[in-house]
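Hi,

Here is the structure I promised to pass on.

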Amino acid sequence: MSKKHPIISVTGSSGAGTTTIKNTFDQIFRREKITAVSIEGDAFHRFDRAAMKAELARRTEAGDHTFSHFSIEANELERLEQVFRHYGQTGTGQTRHYVHDDREAEKYGTPPGQFTAWEDFAPGSDLLFYEGLHGAVRSDGIDIAGQADLKIGVVPVINLEWIQKIHRDKASRGYSTEAVTDVILRRMHAYVHVICPQFTETDINFQRVPVVDTSDPFIARWIPTADESLVVIRFKNPRGIDFPYLTSMIQGSWMSRANSIVIPGPKLDLAMQLILTPMILRLVNESKRA
């Protein structure tokens with residue numbers, strides 16, 4: 001970690017609320033006039049879409065039914081750690097984009113399912129912001145967690161995670177329920193061994209919990225809304241956190257443990273603004289002093 005060039009890492013699944021968190025960070029950066037460079041976890045996939053399909057087929061043929069984008073070996077995590085480390089030391093680095101669809105293809109001039117070329121970060125940034133699946137990995141000689149100054153975890157409870165994926169893949173990709181189920185089963189090994197351990201490394205976790213029945217995610221007709229959810233916010237180190245202030249400012253919130261508060265789902269953006277703004281400002285002020 002470097003006080004001169006701070007790094008914020010958001011780790012979680014795309015259906016867990018990472019879009020909300022990214023938007024909230026963008027609002028904070030804009031309001032506080034903070035210049036951030038952003039990198040996406042998808043940029044560090046090891047394979048493009050066609051190569052990943054071929055690799056999945058090869059591994060399945062060899063009897064490996066656990067390989068997925070969640071897996072360490074499916075990603076260039078050594079390079080991601082190097083980017084974090086280099087930015088912390090110099091404030092510079094490189095990233096690229098994985099092009100998901102035709103809209104992004106038009107934006108980046110690269111066909112869907114492929115990567116853009118690696119490019120240097122814009123100069124003069126105040127901090128580095130990462131959002132993806134592997135921003136707090138500490139495993140197999142890789143220590144990405146050790147390079148980040150503020151680590152945020154975003155994850156729904158497991159049945160809600162599955163409901164979101166089933167609905168997203170069926171609606172936007174035309175998958176059948178059976179095909180999505182196969183993907184879920186393939187990902188479970190890495191989910192347990194790669195994704196879950198990261199949430200013990202994060203400084204703050206935001207976990208969305210539905211308050212409606214999600215017992216069988218494979219027959220759920222719709223995704224629980226924010227109004228049908230609570231969010232559990234856990235602080236790894238609660239020292240210095242003003243819980244009475246937070247619970248007074250966030251209507252309907254309460255403390256469930258000495259390091260945790262529970263808030264109504266629609267209050268997530270407000271809670272993040274209240275909690276994260278002073279932390280980000282502290283990082284930036286320390287970097288300027290350094």
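Let's start with the largest cavity: its lining divides into six nonpolar, no polar and three charged residues. For the classes, Ala, Val, Leu, Ile, Met, Phe, Trp, Tyr, Cys and Pro count as nonpolar, Asp, Glu, Lys and Arg as charged, and the others, Gly among them, as polar. The lining consists of Phe 70, Ile 158, Glu 161, Trp 162, Lys 165, Ile 184, Arg 187, Met 188 and Tyr 191.

On a 1 Å grid over the protein atoms alone, a cavity is a set of points where a 1.4 Å probe fits but cannot get out, while a pocket is an open set with protein on both sides within 12 Å along at least five of seven lines; lining residues have an atom within 4 Å of a point. Points are joined across faces, edges and corners, and a volume is the space filled by probe spheres set on them.

Before you go further: this is a predicted model, where local features need pLDDT of at least 70, side-chain atom pairs count only at pLDDT 80 or more, and totals for chains, interfaces and linings use all residues. Residues are numbered from 1 along each chain as its sequence is written, and side-chain values use heavy atoms, with hydrogens and water left out.

Now the second largest pocket, which holds about 680 Å³ of space. Of its 24 lining residues, Leu 150, Arg 239, Ile 241, Met 279 and Arg 282 lie nearest the centre. Helix H7 (243-249) and helix H8 (268-289) are the elements giving two or more residues to that lining, and H8 gives the most, with seven. By class, the lining of this pocket has 13 nonpolar, three polar and eight charged residues.

On to the sheet. Eight strands form an open sheet in the order S2-S5-S1-S8-S9-S10-S12-S11, with mixed pairing. Strand S2 (36-40) and strand S11 (254-257) are at the edges with a single partner strand each, so one side of each has no neighbour in the sheet. Strands pair if DSSP finds at least two bridges between them; helices (H or I, at least four residues) and strands (E, at least two) are DSSP runs, numbered from the N terminus. S8 (residues 150-156) and S9 (residues 204-210) run parallel, joined by five bridges, and Val 155 has Gln 207 as its bridge partner in S9.

Cheers
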